Amino acid sequence: MSDGAADADGTDRDPEPAENISGGAAGGGEAAAFEPGDADTRAEAVVDRLGDIYWQKAYGGRDGFECLVRTVLSQNTSDVASQPAHDALMDRYGRDGEAGGADLAESLAAADQQRLAKTISSAGLYNQKSERIIALAERVCEEYGGSDGFDEFVETGDPSDVRETLLDMNGVGPKTADCVLLFSGGRGGVFPVDTHVHRIARRMGLAPAGADHEGVREALEAAVSDEKCGFGHTATIQFGREYCSARKPACLDDPEACPLADLCDQVGVSPATGEVVDPAEAAGD
């Protein structure tokens, strides 16, 4: 395992820190090496190969409610846009913020919606997201007494109960629920599916070509060992950004440019013609 990650051109980037951003200062998020080469499925072999390219991470340790808020901010936008919104929100409503108090959920439940919207404007859809965050904060205060009670529920509750509860919250879909379970609860066997994971798993043939996000999640969680699912999620996203983009995967230019070429079915990708279509469309031909 390398101590840093390499760009698509082979240039080493700065080594990853001892604790990753998902872990939080309270603990978790430490490097977690696993031995490649003992995979029982092709999907796990893909994750092992990604482990040779990217830093292997273990997750957990982030406060549950803050993680929920952070994930809502990230919906339909990039980390580049959502991270400043999260930082601004915490600066204003966090424990030491100008409008903050002892409890983040209580601060946000009492927040002025327009002021919160302006605070998180860099994340896009700020009116909708501010209303959603306030409503979530109100529910967390009502049902759990605030952030601490909710955090304990996420960290110690039965994972299926936590997921069901999260999915019952307004604006929380499967990806958001799974990210909270992974990044806050540190739950093994959780493989959140975003657009990158959905595209790549079907393109590689690791999930049925016509599977929806839940179908892809079920396929990956069944095929990848519990301790590798969290890393598989983040590494697949990075792989999608660097090698396997939606419109121009690396294999179109050079079959050897993709480090996972020998494990990929190229569903919907035709290097001979340069055509790239959604795997579901290719399977329907």
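Visitor: In what do the side chains of Arg-163 and Asp-178 meet?

Guide: In a salt bridge, a term used when a side-chain nitrogen of Lys or Arg lies within 4 Å of a carboxyl oxygen of Asp or Glu. For Arg-163 and Asp-178 the N to O distance is 2.7 Å. This pair links distant parts of the chain, with Arg-163 in helix α8 (residues 159–167) and Asp-178 in helix α9 (residues 174–183), 15 residues apart. Helices (H or I, at least four residues) and strands (E, at least two) are DSSP runs, numbered from the N terminus. This is a predicted model, where local features need pLDDT of at least 70 and side-chain atom pairs count only at pLDDT 80 or more, while totals for chains, interfaces and linings use all residues. Residues are numbered from 1 along each chain as its sequence is written, and side-chain values use heavy atoms, with hydrogens and water left out.

Visitor: Is Arg-163 buried or exposed?

Guide: Buried, and Asp-178 is buried too. The word stands for under 20% relative accessible area, exposed for over 50%, and partly exposed for what lies in between (1.4 Å probe, protein chains only).

Visitor: Which residue meets Asp-178 in a salt bridge at 3.8 Å, N to O?

Guide: That is Arg-217. Here again the pair links distant parts of the chain: Asp-178 belongs to helix α9 and Arg-217 to helix α11 (residues 213–223), 39 residues apart. Arg-217 is buried, like Asp-178. If you step back, you will find a network of salt bridges that links Arg-163, Asp-178, Glu-214, Arg-217 and Glu-221.

Visitor: How many salt bridges does the structure hold?

Guide: Twelve. One of them joins the side chains of Arg-139 and Glu-143, at 3.1 Å from N to O. These two residues are four apart in helix α6, so about one helical turn separates them. Glu-143 is partly exposed, at 43% relative accessible area.

Visitor: Let's turn to rings. How many aromatic pairs does a search of the whole structure find?

Guide: Four. Rings of Phe, Tyr and Trp (its six-membered ring) pair if their centres lie within 6.5 Å; planes under 30 degrees apart are stacked, over 60 edge-to-face, and the rest tilted. Take Phe-65 and Phe-150, an edge-to-face pair at 6.4 Å centre to centre, with 90 degrees between the planes. Phe-65 sits in helix α2 (residues 64–74) and Phe-150 in helix α7 (residues 147–156), so this pair ties together parts that are 85 residues apart in sequence. Phe-65 is buried, at 1% relative accessibility, and Phe-150 is buried at 0%.

Visitor: What kind of aromatic pair do Phe-239 and Tyr-243 form?

Guide: A stacked one: their centres are 5.5 Å apart, with 25 degrees between the planes. Phe-239 is buried at 2% relative accessibility, and Tyr-243 is buried at 10%.

Visitor: Which residues form one aromatic cluster with Phe-65?

Guide: Tyr-144, Phe-150 and Phe-153.

Visitor: Which residues form a negative surface patch?

Guide: Asp-63, Asp-148, Glu-152 and Glu-155. Glu-152 is placed in helix α7. Patch residues have over 30% relative accessible area and no salt bridge, with like charges joined within 9 Å and nonpolar side chains (Val, Leu, Ile, Met, Phe, Trp, Tyr) within 5 Å.

Visitor: Now the loops. Where is Ala-123 found?

Guide: In the loop between α5 (113–119) and α6 (126–144). Ala-123 is buried, with a relative accessible area of 1%. In the loop between α12 (226–242) and β1 (269–270) you will find Pro-259, which is partly exposed at 27% relative accessibility. A separation of 9.9 Å lies between the C-alpha atoms of Pro-259 and Asp-52, 207 residues apart along the chain.

Visitor: What is the phi of Leu-125?

Guide: Positive, at about 50 degrees, although Leu-125 is not a glycine. Most residues other than glycine have a negative phi. Leu-125 lies in the loop between α5 and α6 and is partly exposed, at 46% relative accessible area. Gln-266 also has a positive phi, near 50 degrees. You can find Gln-266 in the loop between α12 and β1, partly exposed at 30%.

Methods:
Accessible areas come from the Shrake-Rupley method with a 1.4 Å probe; for residues, only the protein chains shown count as cover. Lys and Arg count as positive and Asp and Glu as negative; His and the chain ends are not counted. The place of a charge is taken as NZ of Lys, CZ of Arg, CG of Asp or CD of Glu.
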